[in-house]
Amino acid sequence: MPLTRHTTTLGCVLAATALATTGCGADIAAEDSKAARKTTVDRCGEKVEYSVPRRAVAYEAGSADKLFALGLTDHVHGYVMPPANPPVSESPWASEYKKVKMLSDDLLNKEIVVDAKSDFVLAGWNSGFADDRGITPEILDKLGVQSFMHTESCFNYPKYPEKTAPFEALHTDLERLGRIFHVEKKAADVVAGLKKREAAVVERAPRGERVPVFLYDSGTDKPFTAGNQVPPDEIISKAGGRNIFANLNQRWTEVNWESVAEARPEVVMILDYGDKPAKEKIDFLKRSPHTRDLPAVKNDRFFVLDYNEGISGPRNVDGLEKFGAYVRQLRG
């Protein structure tokens with residue numbers, strides 16, 4: 001699959017010998033020249049030299065969506081999709097997923113990458129790449145496999161940490177991937193389109209006091225929520241809300257129920273996993289003595305954010321638009 005752009009019919013191969021600068025021979029030469037070019041791009045805070053990947057492996061939909069949004073399906077060998085991800089059939093790029101291989105429904109590991117003969121892996125730090133599972137950029141470098149990390153996840157990367165606002169990190173990833181694959185114009189167009197949609201939501205956001213919002217990811221003894229280094233924080237703020245844990249300089253983090261109760265959220269944003277449905281979480285919040293008397297719960301103000309709208313990827317803007325409409329309706 002990923003080699004289709006770089007192969008041709010036998011007739012075209014034979015013709016290429018005689019037609020070094022014209023016809024299909026010229027197309028092949030141009031494509032090979034493009035693939036051979038090296039480009040230095042930041043991987044978190046580290047400068048890395050890349051050649052154009054032909055057998056990319058993407059971990060989770062956020063990674064695959066970025067590649068598909070840039071029109072790079074022919075460069076994607078396959079994807080790894082753990083149970084947390086909703087079905088790929090629900091993706092705006094469902095047709096593109098059908099063109100590549102589903103490599104695993106488990107966590108990313110080195111064996112999957114090696115078996116796929118991959119030359120490029122796109123994932124986040126701690127969600128995809130991880131020391132404890134033996135798959136890191138350093139390990140892949142030694143195997144001769146290129147890798148790229150979501151800029152948003154670089155906040156936790158111990159080797160080259162990088163702090164970037166989540167939506168800016170999304171734009172940065174698309175621009176950097178555009179350079180790696182030499183589709184800079186496409187990347188610029190995609191980023192411009194996303195920024196235009198984001199600005200439209202910000203422009204329409206209600207003025208005045210911001211509605212306090214609690215992002216509920218998971219957890220019963222202690223809730224897992226969003227700090228200010230992940231997309232939901234900006235989805236909330238750009239739409240006119242206030243993340244009650246926006247003061248936490250963290251990505252996804254654990255807090256306590258007492259701090260949730262003290263913040264008196266008026267809306268609970270539920271992160272909807274494929275294997276942890278929103279309904280189960282809402283039922284828990286309605287039963288729990290920690291949360292059943294919260295204004296949001298008593299007034300049944302739950303906003304469901306799709307998992308792939310909450311992790312770094314183009315669908316962040318879909319989530320922003322939906323939540324923007326919800327806040328406007330809430331504020332009348």
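# Exercises on a predicted model

Phe-303 and Phe-323 are both buried in this predicted model.

**Exercise 1.** Work out how the rings of Phe-303 and Phe-323 are arranged, and which parts of the chain the pair ties together.

*Solution.* 
- Step 1. A pair of aromatic rings is described by the distance of the centres and the angle of the planes.
- Step 2. For Phe-303 and Phe-323, the centres are 4.9 Å apart and the angle between the planes is 65°.
- Step 3. Planes over 60 degrees apart count as edge-to-face, and the pair of Phe-303 and Phe-323 is edge-to-face.
- Step 4. Phe-303 belongs to strand S14 (residues 302-306) and Phe-323 to helix H14, so the pair ties together parts 20 residues apart in sequence.

**Exercise 2.** Describe strand S3 (residues 56-59) by its side chains and its pairing partners.

*Solution.* 
- Step 1. In a regular strand the side chains alternate between the two faces of the sheet.
- Step 2. In S3, Ala-56 and Ala-58 point one way, Val-57 and Tyr-59 the other way, and all are buried.
- Step 3. S3 pairs in the parallel sense with strand S4 (residues 76-80) over four bridges, and Ala-58 stands opposite Tyr-79 in S4.
- Step 4. S3 also pairs in the parallel sense with strand S6 (residues 120-125), over three bridges. Here Ala-58 stands opposite Leu-122.
- Step 5. Together with helix H3 (residues 60-69), S3 and S4 make a right-handed β-α-β unit.

**Exercise 3.** For the salt bridges of Lys-185 with Asp-189 and of Asp-318 with Arg-197, state the N to O distance and where the partners lie.

*Solution.* 
- Step 1. In the salt bridge of Lys-185 with Asp-189, the closest N and O atoms are 2.8 Å apart.
- Step 2. Lys-185 and Asp-189 are four residues apart in helix H8 (residues 184-204), so about one helical turn separates them.
- Step 3. Lys-185 is exposed at 59% relative accessibility, whereas Asp-189 is partly exposed at 42%.
- Step 4. The side chains of Asp-318 and Arg-197 meet at 2.7 Å, N to O. Asp-318 lies in helix H14 (residues 316-331) and Arg-197 in helix H8, so this pair ties together parts 121 residues apart in sequence.
- Step 5. Arg-197 is partly exposed, with a relative accessible area of 29%.

**Exercise 4.** Is Glu-96 buried or exposed, and what is its salt-bridge partner?

*Solution.* 
- Step 1. Glu-96 forms a salt bridge with Lys-99, with 3.3 Å between the closest N and O atoms.
- Step 2. The relative accessibility of Glu-96 is 15%, so Glu-96 counts as buried.
- Step 3. Lys-99 is partly exposed, at 43%.

Methods: Residues numbered from 1 in each chain as written. Predicted model: local features only at pLDDT ≥ 70, side-chain atom pairs only at ≥ 80, totals over all residues. Heavy atoms only, no water. Buried < 20%, exposed > 50% of the residue type's maximum accessible area, 1.4 Å probe, protein only. Helix = DSSP H or I, 4+ residues; strand = E, 2+ residues; numbered from the N terminus. Pairing = 2+ DSSP bridges. Right-handed = clockwise from strand over helix to strand, strands pointing away. Salt bridge = Lys/Arg side-chain N within 4 Å of Asp/Glu carboxyl O. Phe/Tyr/Trp six-rings, centres within 6.5 Å; stacked < 30°, edge-to-face > 60°.
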